[in-house]
Amino acid sequence: AREAVAVDRLVILVETLLVGLATLLGPITSKETERRGSLPRLHQLACWAILVVSTLLPFVHGSRLNRGARDQHYLYRLVTIYLAFAAPFVLLSISYESIFYFSYSMVLLLWLSIERALYYEKAENQLLAPTEQTRLSDLALQKSVSGAASPRSAQVFAASRTLELSDMRTSIMFLFFVNVAFFGTGNVASLASFSIDSVYRLITVFDPFMMSVLLLFKIFIPFFLVSAVFGVLNRSLELPPFSLFLFVLSTTDIMTVNFLFLVQDDGSWLDIGMSISHFCISGLFVLFTIVLFVLSHALVGRVLIPSASSSKAAKKQR
């Protein structure tokens with residue numbers, strides 16, 4: 001256990017160093033590019049190395065793509081994901097975007113803490129007693145075990161619950177944070193609202209395809225964060241897999257049906273085009289929500305989440 005914690009801390013230290021290097025390398029590269037008129041080759045290689053290594057770290061360490069990965073505490077995992085995408089986001093930022101990334105991450109962590117506190121308080125009032133420390137990420141795997149289930153797995157299933165009306169608050173807040181991620185750094189509906197200056201630290205030759213890929217990667221980074229927090233929150237609330245996601249999906253379906261009835265076939269071409277585009281965006285948003293859930297399932301991986309009874313026992317010991 002100590003070796004595992006040491007590895008987690010080492011990964012976090014490496015990611016922190018990469019963020020520091022990206023913060024220093026960004027303005028230095030911009031000044032050298034302005035002075036020379038071209039991007040220095042060494043600086044370009046360093047920026048690409050930081051971007052690739054930092055992005056791959058959360059997928060190699062602790063994600064479901066690594067079958068040999070062990071269980072991590074959810075805070076360690078979230079910090080790892082936050083720092084991993086902080087370095088490329090800093091490299092692709094030219095203004096206030098880095099402040100938005102930090103503020104957005106803090107608000108997401110605060111949302112997770114509030115939802116967990118509300119659920120634990122409700123669980124204590126209802127005398128809910130889940131297991132002390134349950135790895136809720138493998139409920140589906142344990143459920144597939146046939147025949148006689150072990151007492152441990154029976155306790156795990158006892159910890160899960162069904163959806164309640166109060167879970168709608170969590171779904172609505174998730175949709176709110178998704179919309180904040182959409183428009184936090186620019187208008188996602190148009191790549192023209194994003195300055196291509198943000199990619200000059202990685203590429204200066206005009207390459208529309210590569211520049212678009214880098215801009216899209218920068219746009220999607222906040223969605224990686226909100227999907228990871230949503231995945232941890234779904235397990236913290238001790239809900240079966242896909243349940244909270246289906247709540248979100250039903251809400252987006254209602255939005256899509258609403259825009260369907262608002263589609264116009266008369267009037268100006270602008271009104272007709274806007275009504276159709278709103279419906280298409282809402283329909284694609286349903287698919288995008290599915291992608292976010294799959295991403296959270298793969299990115300968060302296997303995490304340890306203290307349950308309500310363990311928190312209550314810790315308070316009694318104090």
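1. Helix 3 (74–91), helix 4 (97–125) and helix 8 (208–236) each give two or more residues to its lining.

2. A quick word on the source: this is a predicted model, where local features need pLDDT of at least 70 and side-chain atom pairs count only at pLDDT 80 or more, while totals for chains, interfaces and linings use all residues. Residues are numbered from 1 along each chain as its sequence is written, and side-chain values use heavy atoms, leaving out hydrogens and water.

3. Back to that pocket. Among the residues lining the second largest pocket are L75, Y82, S105, M106, L225 and V229; a lining residue has an atom within 4 Å of a point. Helix 3 provides the largest share of this lining, 5 residues. The lining divides into 11 nonpolar residues, 1 polar and no charged.

4. Now the overall layout. The protein chain has 11 helices and 3 strands, taken as DSSP runs (H or I, at least four residues, for helices; E, at least two, for strands) and numbered from the N terminus. Of its 318 residues, 44% are buried, meaning under 20% relative accessible area with a 1.4 Å probe and protein chains only; exposed is over 50%, and partly exposed lies in between.

5. How many salt bridges are there? The count comes to 1, using a side-chain nitrogen of Lys or Arg within 4 Å of a carboxyl oxygen of Asp or Glu as the rule. The partners are E115 and R169, at 2.9 Å, N to O. The pair links distant parts of the chain, with E115 in helix 4 and R169 in helix 7 (residues 167–183), 54 residues apart. E115 is buried at 3% relative accessible area, whereas R169 is partly exposed at 38%.

6. Last, the surface. V257, L260, F261, V263 and I276 make a nonpolar patch of about 460 Å². Patch residues have over 30% relative accessible area and no salt bridge, with nonpolar side chains joined within 5 Å. Helix 9 (residues 243–261) gives the largest share, 3 residues. V263 sits in the loop between helix 9 and helix 10 (269–300), and is partly exposed at 33%.

Methods
Patch = residues over 30% accessible without salt bridge, like charges linked within 9 Å, V, L, I, M, F, W, Y side chains within 5 Å. Areas by Shrake-Rupley, 256 points an atom, 1.4 Å probe, with all protein chains shown as cover. 1 Å grid on protein atoms, 1.4 Å probe; cavity = no way out; pocket = protein on both sides within 12 Å on 5 of 7 lines; lining within 4 Å. Nonpolar A, V, L, I, M, F, W, Y, C, P; charged D, E, K, R; others polar.
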